[in-house]
6 protein chains.
Amino acid sequence: MSALEPLPALLWRDMVARDLLLDLGQAGDITTDSVVPRDATTVASVVARSPSRVAGLEIACAAFTMLDDDARIVYQAVDGDDVSAGSVLATVEGSARAILSAERTALNLLGHLSGIATATRGVVRQIVGTGARICDTRKTTPGLRSLEKYAVRAGGGSNHRYGLHDAVLIKDNHIAVAGGVSPAIEAVRASVGHMIKIEVEVDTLAQLEEAMTHPVEAILLDNMTLDELAEGVAMIDGQAIAEASGGITPDTARAIAETGVDVLSMGWLTHSAPSVDVALDIELPR
Amino acid sequence: MSALEPLPALLWRDMVARDLLLDLGQAGDITTDSVVPRDATTVASVVARSPSRVAGLEIACAAFTMLDDDARIVYQAVDGDDVSAGSVLATVEGSARAILSAERTALNLLGHLSGIATATRGVVRQIVGTGARICDTRKTTPGLRSLEKYAVRAGGGSNHRYGLHDAVLIKDNHIAVAGGVSPAIEAVRASVGHMIKIEVEVDTLAQLEEAMTHPVEAILLDNMTLDELAEGVAMIDGQAIAEASGGITPDTARAIAETGVDVLSMGWLTHSAPSVDVALDIELPR
Amino acid sequence: MSALEPLPALLWRDMVARDLLLDLGQAGDITTDSVVPRDATTVASVVARSPSRVAGLEIACAAFTMLDDDARIVYQAVDGDDVSAGSVLATVEGSARAILSAERTALNLLGHLSGIATATRGVVRQIVGTGARICDTRKTTPGLRSLEKYAVRAGGGSNHRYGLHDAVLIKDNHIAVAGGVSPAIEAVRASVGHMIKIEVEVDTLAQLEEAMTHPVEAILLDNMTLDELAEGVAMIDGQAIAEASGGITPDTARAIAETGVDVLSMGWLTHSAPSVDVALDIELPR
Amino acid sequence: MSALEPLPALLWRDMVARDLLLDLGQAGDITTDSVVPRDATTVASVVARSPSRVAGLEIACAAFTMLDDDARIVYQAVDGDDVSAGSVLATVEGSARAILSAERTALNLLGHLSGIATATRGVVRQIVGTGARICDTRKTTPGLRSLEKYAVRAGGGSNHRYGLHDAVLIKDNHIAVAGGVSPAIEAVRASVGHMIKIEVEVDTLAQLEEAMTHPVEAILLDNMTLDELAEGVAMIDGQAIAEASGGITPDTARAIAETGVDVLSMGWLTHSAPSVDVALDIELPR
Amino acid sequence: MSALEPLPALLWRDMVARDLLLDLGQAGDITTDSVVPRDATTVASVVARSPSRVAGLEIACAAFTMLDDDARIVYQAVDGDDVSAGSVLATVEGSARAILSAERTALNLLGHLSGIATATRGVVRQIVGTGARICDTRKTTPGLRSLEKYAVRAGGGSNHRYGLHDAVLIKDNHIAVAGGVSPAIEAVRASVGHMIKIEVEVDTLAQLEEAMTHPVEAILLDNMTLDELAEGVAMIDGQAIAEASGGITPDTARAIAETGVDVLSMGWLTHSAPSVDVALDIELPR
Amino acid sequence: MSALEPLPALLWRDMVARDLLLDLGQAGDITTDSVVPRDATTVASVVARSPSRVAGLEIACAAFTMLDDDARIVYQAVDGDDVSAGSVLATVEGSARAILSAERTALNLLGHLSGIATATRGVVRQIVGTGARICDTRKTTPGLRSLEKYAVRAGGGSNHRYGLHDAVLIKDNHIAVAGGVSPAIEAVRASVGHMIKIEVEVDTLAQLEEAMTHPVEAILLDNMTLDELAEGVAMIDGQAIAEASGGITPDTARAIAETGVDVLSMGWLTHSAPSVDVALDIELPR
């Protein structure tokens, strides 16, 4: 399988800085600045407190270098690694003030993204051998879609479209407005560019039958029973990608994957996966 | 109890717009724009699919008016309301395109914030009668602290400090650097303004004893057993606010509250509460 | 043919404001402010000085309302219309100062975008009946890609990918790095999501033959002779979209389209189309 | 002649980054990231495909270092140089991914700005010996005025005002509102600071005669015939700068310059000059 | 005298919003939100507590409408008015919360800008009858140059250049680098556009003599004695604008103006003028 | 006394860059670029022209490195130092163009902030021995609150709240709306978090008496006579911090401090302190 590719810093640097700035406010870290001498240095370890799939490690650690240009970071793990409880993921050496002030910003990012990667990994493992893949949705946390989709990849999942702009998904309301599945597909075909894929969401096998009379790239089988899914897969017969969606949880994923669908898309991965517990163990500053 | 106060739109308008823009990308909603006539209008209902404490309703619905200046929104609920499954929270009447394009942005915000409010409400109810209050931490989702702290208030909780800038929290590492609890408190007292409260985090009752020799406004009893907490409360004896913290979950909250602490601060509320299920029921556009 | 769909103002409002602000600088319009009374009003007509395909009319006119909230604009044309020399496209009634100060910002936008639409229309007409469509590239003017791609649609063309993020285009250098067409396609297949289309750029028919052994959605036939293009189309045989590219101009488009390719992509549309001449005829302010 | 002075990076860095970000979107360069190993490096040459006057070379190459801090760039040309077809302008050595991902952003900038410089150079050469200079206008491409005016200087032209804020240009509508040339000039004189130059646009020699009764720094002779221009120059008689404007093209420039005007201002340079062809030749990454 | 012209809101709206946002922080106005009912309305008067020249009244009052779209403001004064102590400048009717929360932002702006206008007016009055005018410098408060230069105009002064970009001022260091006054002027002449004015700063009458051998638009006589100024004015003899500068205060202005210089430029107006006392008298909210 | 702690560059870097950009405009420093060779270097000294308390030295000097990455700055003073007239505060070695172009931006910042620090120091010295401390208010210059509060600390003062969000100050209008001192305090207590301090502004001793029946952290004695202040201090009797406010000037501070109040808050420090005179002495560039 292809390795996880890091996102260019240009894509997330401003977001980390904005987060750090909101924590510092206009007055800065008034506790640390009062207690820790300006020139004290220290070494700190970023540690996973529970077994996790890592995501966002370099992104999180950028918070340290944003407050101390000269901080040196040594990574013991990379995004996509599985680590056990107690594992050191990285060590940071630099200004004690910078490390203490950036700690929470870094850990919030790392815990959130690793939480998504860990949850994704869990579901991916449950469906091993079925031939299906796990995929995210647009049900992401406000402001964090790009990073959350990256975390899904770190967990071994793959990405659905990034937004309303990069692929077509014809849903129930579009079909209703258009007056049916066929006119909706035809309207879209007539207007989108040739590099755009088209997926149609169907609620019934009758809709599926109509959709399959058109050359579409994917079919979203929405909220169907296992029997319906299996029958849908048979009807699609490899002519399009078959995607199951609708309230899928880690508990229901295996059975759905076994119906033969190509893709399971799960909003749960990004809107409800809990954060994983990560911490910063700091040596006594010198 | 004091009513929940809405945040001025100036505080969140840009964030909602930014989120909407990332969904629209440079090409806009290519599905909706292909299928739905430009001048079609519709009426849509924002609906809770499960029992929830509402938070972020007006903030979420701003996504609709950002795409259709003339959209009319009628609210059937306000933030802080408890609603049953199936409740209509608001109806939106306006451009069918705008409503379909803004749907996901609006629901992601509403589901996330109501998830936090609902989780907070749950814990608040569990400790009813103990005299303690539930409070958040700085373990918030990147980029969303202001809104998440608002959602905690909507759930009946209260807010800890907003960042490193607005209150002092002397933690273990600060104490280690300063060479003890007393020098740390003294260093802070000498430098912060008179409108800043000082809290000291203590891991042991011995540290607590030392801290209580200084006039500090609050003591954070970190990761203590129930017995330690009870003894700590006795030692504090009303001279400072007694706050319990450290991995508190809905399951452990009641027992902790019964030790007599004034405040339970819970990172769980904001880093791991699941989203609640909210949806948009759209009438056939006209 | 599907009508042209307007872009939501949210996508371009800030760009127009930024442009206006750079013209106003810190001192504002020192000429107009010195000469034109503050409460003078006027009526102005936006006029095409040469036959044009209109694009960006509402976007351009937003400059007027940004300086005068109460300006009333009546449109006599919409984007996608063909107009003759001298046609009035819109009339603006409002503050004389606002109209004079916003004039150049508005006309620069309108002239530039209509220039692209007019150029696109010209090429589209030349290939009428061939079954091919005209498409843009990523060779756009810095900062203006979204609007220029909109202008291409206004001219009757369609859009290629918007950036590096929304579709795969495997080019010569990718093939060289991967060690051949096949490994490049396989590497991409293994890593991109199921809603992403894959196109392969081939320089020779031998490369094309190899590419066609894989299920790819589109083939870019780069800088080929008419004979090669015709043979390439035959080899592709409807199994993928056949796209011709490489220095295509209005002069060469017809012959290329007649080779049977599905799409002609032309950088010329956006990097070298001249602006069309638009002007503002202003009545004497009152 | 004075050498061309580079613009401080502070003036354009954000613009280049914004452009790069729009190309990368939220997902990054999905083709390159799938195919090119993370640690592959390469050497690439920025090459002019046709004879050009270079402009924007360092600005364009900043796109490479924005994606790879350690990229090394060696320049074989500087802005303002004339280069022949096939000339290497710069070589870039660094991350193969960074170079491939930044390629289009860099070339779009360089091609656009060099297109303007090359067009300007062409006109400047045509009027050699006449004593006139070529100057731009405010008819620039939206968002690019600062860089386009720099490109005009790179081409040997000079700059008219940058916006409505830094010089006065009294145009026909101002004169109409003021009730004549004289009251317009007097109104302006009474209100602008002593470091602001005043130019008056005149359509007729009668207006010119009136304008010359006031101490103004420049006269714009708008859309006049060659005879009118010559007579206008005689009337101005060195008391103000004589500027010709109105639809001047490379074909008409020489004759206009020979009328004795000091300046020819040409919107064509910035709104309609075609891009020049520049490319990136990339060695096989290692 | 020409009336003061208001700046378009586009030029300052974001600055006022940013200021308001820094005051509201992430939590908003926690005092007002706790005490004042959400739907309470009130009427408040913006009052001058001392005799002042008003500047920034509409700009300041925009803070109220930013928090309450429906606030109604009635102006009893306009920028440039002289008002006595106790004068009501405007009344604001609207949400009591909005008015209380925006109060300080509004008053800080109004007090600062009116302070500059009042100081300018004072100096302008002292030199009445001398024929000289009072002008600002680039010694402005960080971030506020545009508004401060507007306030200087409100006080009856006029503006020097807005920045390094809109006019040439050759200073001592430029002369030193160039190797003398003449080469400095010649270098500038050869490179700047025809709409840019050139001023030369001279420290001695010998330098002035050299400068006057070139056609420059203005001469800055820096830190000269009254006798030197008078002699300088005689030497310039109307061939350029004569500007006196260097530590001029309200106490020294009259004598300097009487030397015959055309302009006195005073950094004091913007870097050291005290704020004027303005207040908000609020009726009991209903 | 605790040393002054520098603000992280992240908090002010963008503000300095914005300021520099407004000075450079779109054309840059047209004087310097014309006269000073591109590769000339120089050494410049930042000098205090009058006795001052330094504030903002590193912040100001960042302007130089923003235009020349390689500029080397050696500091001879740090913020919080008292320096005599003629003292060199720092020397800058680097590009002559960068130094000349950044000069005014740097000096405006340094002069403004040192002006506030110097004014604060003056008042702090006047009240030596009284046990009171000098504190700022929210009457700051628009856009500069964070830096001005830092400058107050550099002058030996301390900070009141940073905005409406980080502490409660119940003022006359809040009391009026609430229907009295007690209900106002109770409303606030019921709604704010446990880390927020509450201060009540009282105009009369009767109000003070009522306020003292509640546990509030601070009392602002507004515009009281010396006798009232002394009596107020006696009534407060150490149960809350006693703060005097209302038009306090350097002339009245000592007597007020002697009444026994803990804090004097002075708007004058930030809205009306004059700038101190700082300059850049530049060696002849090489």
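Predicted model: local features only at pLDDT ≥ 70, side-chain atom pairs only at ≥ 80, totals over all residues.
1. The interface of chain A and chain B. Here 58 residues of chain A are in contact with 58 residues of chain B. About 4600 Å² is buried between chain A and chain B, and carbon and sulfur atoms give 61% of that area. The size of an interface is often given in this way, as the accessible area lost when the parts come together.

2. Pairings between chain A and chain B. The count for this pair of chains is four salt bridges. In one of them, Arg145(B) pairs with Asp23(A), and the closest N and O atoms are 2.7 Å apart. There are also 26 residue pairs in polar contact between chain A and chain B, with both residues at pLDDT 80 or more.

3. What chain A brings to chain B. The elements that give two or more residues to this side are helices H1 (13–24), H2 (30–35), H4 (96–126), H6 (172–178) and H7 (181–191), together with strand E7 (168–170), of chain A. H4(A) supplies the largest share, six residues. Sorted by class, the side of chain A that touches chain B holds 29 nonpolar, 19 polar and ten charged residues.

4. How chain A and chain B are related. Chain A is superposed on chain B by a rotation of 180° with 0.0 Å of shift along its axis, at an RMSD of 0.0 Å. Of the interface residues of chain A, 100% are also interface residues in chain B, so the copies meet through the same surface.

5. The interface of chain D and chain E. In this case 24 residues of chain D are in contact with 25 residues of chain E. The area buried between chain D and chain E is about 1900 Å², with carbon and sulfur atoms giving 59% of it. On the side of chain D, the residues that lose the most area to chain E are His194(D), Met195(D) and Lys197(D), which together make up 44% of what that side buries.

6. Pairings between chain D and chain E. Two salt bridges are found across this interface. Lys197(D), one of the residues that lose the most area to chain E, forms a salt bridge with Glu217(E), with 3.5 Å between the closest N and O atoms. Ten residue pairs are in polar contact across the interface of chain D and chain E, both residues being at pLDDT 80 or more. The elements of chain D that give two or more residues to the side touching chain E are strands E6 (133–135), E8 (198–202) and E10 (241–245). The residues of that side comprise ten nonpolar, seven polar and seven charged.

7. How chain D and chain E are related. What rotation superposes chain D on chain E? The rotation is 180°, with 0.0 Å of shift along its axis and an RMSD of 0.0 Å. The two copies are thus related as by a two-fold rotation axis. Within chain D, Asp166(D) has the C-alpha nearest the axis, 2.8 Å from it. Of the interface residues of chain D, 100% are also interface residues in chain E, so these copies too meet through the same surface.

8. Salt bridges in other places. Over all chains the count comes to 84 salt bridges. Side chains of opposite charge can pair when their charged atoms come close. Within chain A, Glu258(A) forms a salt bridge with Arg254(A), the closest N and O atoms being 2.8 Å apart. Glu258(A) counts as exposed at 52% relative accessibility, while Arg254(A) is partly exposed with a relative accessible area of 31%.

9. A salt bridge between chain C and chain D. Arg138(D) and Asp23(C) meet through their side chains in a salt bridge of 2.6 Å, N to O. This pair crosses between chains: Arg138(D) is in the loop between E6 and helix H5 (145–154) of chain D, and Asp23(C) is in helix H1 (residues 13–24) of chain C. Are these two residues buried or exposed? Arg138(D) and Asp23(C) are both buried.

10. The side chains of Asp23(E) and Arg145(F) meet in a salt bridge of 2.6 Å, N to O. Asp23(E) lies in helix H1 (residues 13–24) of chain E and Arg145(F) in helix H5 (residues 145–154) of chain F, so this pair joins two chains. Asp23(E) and Arg145(F) are buried. Elsewhere, Glu5(A), Asp33(D), Arg38(D) and Arg97(D) are joined into one network by salt bridges that share partners.

Methods. Residues numbered from 1 in each chain as written. Chains lettered and ligands numbered in written order. Heavy atoms only, no water. Contact = heavy atoms within 4.5 Å. Buried area = accessible area lost by both parts, 1.4 Å probe. Polar contact = N/O pair within 3.5 Å; in protein donor to acceptor, adjacent residues only side chain to side chain. Helix = DSSP H or I, 4+ residues; strand = E, 2+ residues; numbered from the N terminus. Nonpolar A, V, L, I, M, F, W, Y, C, P; charged D, E, K, R; others polar. Least-squares fit on C-alpha atoms with pLDDT ≥ 70 in both. Buried < 20%, exposed > 50% of the residue type's maximum accessible area, 1.4 Å probe, protein only.
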